Amino acid sequence: MIEMQNVRVTYANGEGIDQITLKIAAGEFVFLVGPSGAGKSTVLKTIYMDVLPSEGHVRVGEYNSLFIKRHDVPYLRRKLGIVFQDFRLFMDRDIFENVAFTLKVIGTRKKEIKRRVLRALADVGLSHKARVMPDEVSGGEQQRVAIARAIVNEPFLLLADEPTGNLDPVTAASIMDVLERINTRGTTIVMATHNDEMVRRYRGRVVHINNGQIIP
Ligand code: ADP
Ligand code: MG
């Protein structure tokens, strides 16, 4: 499903990741754990091919960083869901429209959009808030909207970069419950977090990363 082989990314300032070798099988829940600056986001960026390695390769499904063309990247992205710490919702659209956005972009039919959006909102427990604006719900609910938006196209892989980073522990736990449920239904999840303690409470494989390298 995902294979990273001896991956190096070096930013202009010399920082980055190096010698990252990692295999993730379909259906796994993998935590990438390490302190701020460890390289977690960079690893995720190579998986959604926002950043291409200068050494090694990344295979994600049928895509390979060595061969992918720039115009193929959007097609890879459509098969992934991505969630960030800061939610990244459209604040001028209601929750339904936020979740519907990508489906509209790719020309999904109206009836199908409605069906999928309502199902995704039900999956995150927000059916009753479809026509509410994002700034009228809590941070935890905004992150649920972001998760609904990420899963609405039924991705085989969900990437989450510190999805609980802005949330209090109780709300964070409820987001973890949502992610676990999504994983149980078969979606592979790779989640970056600096919160080592939280990870210990959940099932999943833990990959430790520090100074741009995996700690064996
Ligand atoms: P993490 O997500 O674990 O906090 P990152 O992957 O964001 O770590 O960063 C890894 C290292 O690369 C850090 O030293 C960071 O400062 C550096 N870095 C990340 N993004 C950039 C960038 N766009 N330009 C320069 N350096 C960067
Ligand atoms: Mg990060």
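1. To start with the largest pocket: strand β6 contributes the most to its lining, four residues. Here a pocket is an open set of points on a 1 Å grid over the protein atoms alone, with protein on both sides within 12 Å along at least five of seven lines, and lining residues have an atom within 4 Å of a point. Strands (E, at least two residues) and helices (H or I, at least four) are DSSP runs numbered from the N terminus.

2. A word on the basis: this is a predicted model, where local features need pLDDT of at least 70 and side-chain atom pairs pLDDT 80 or more, while totals for chains, interfaces and linings use all residues. Residues are numbered from 1 along each chain, and side-chain values use heavy atoms, without hydrogens and water.

3. Back to that pocket, which holds about 460 Å³ of space, a volume filled by probe spheres set on the grid points. Among its 16 lining residues, R77, L80, I82, T102 and R149 are the closest to the centre. Elements giving two or more residues are α2 (73-78), β6 (80-84), α3 (95-105) and α5 (139-151).

4. Helix α1 (residues 40-47) supplies the largest share of the shell, three residues.

5. Do look at the polar contacts, pairs of N or O atoms within 3.5 Å. Polar side-chain atoms of K40 and S41 each lie 2.8 Å from an oxygen atom of ligand 1, and a backbone N or O atom of G39 lies 2.9 Å from one.

Note on methods: Chains lettered and ligands numbered in written order. Polar contact = N/O pair within 3.5 Å; in protein donor to acceptor, adjacent residues only side chain to side chain. 1 Å grid on protein atoms, 1.4 Å probe; cavity = no way out; pocket = protein on both sides within 12 Å on 5 of 7 lines; lining within 4 Å.
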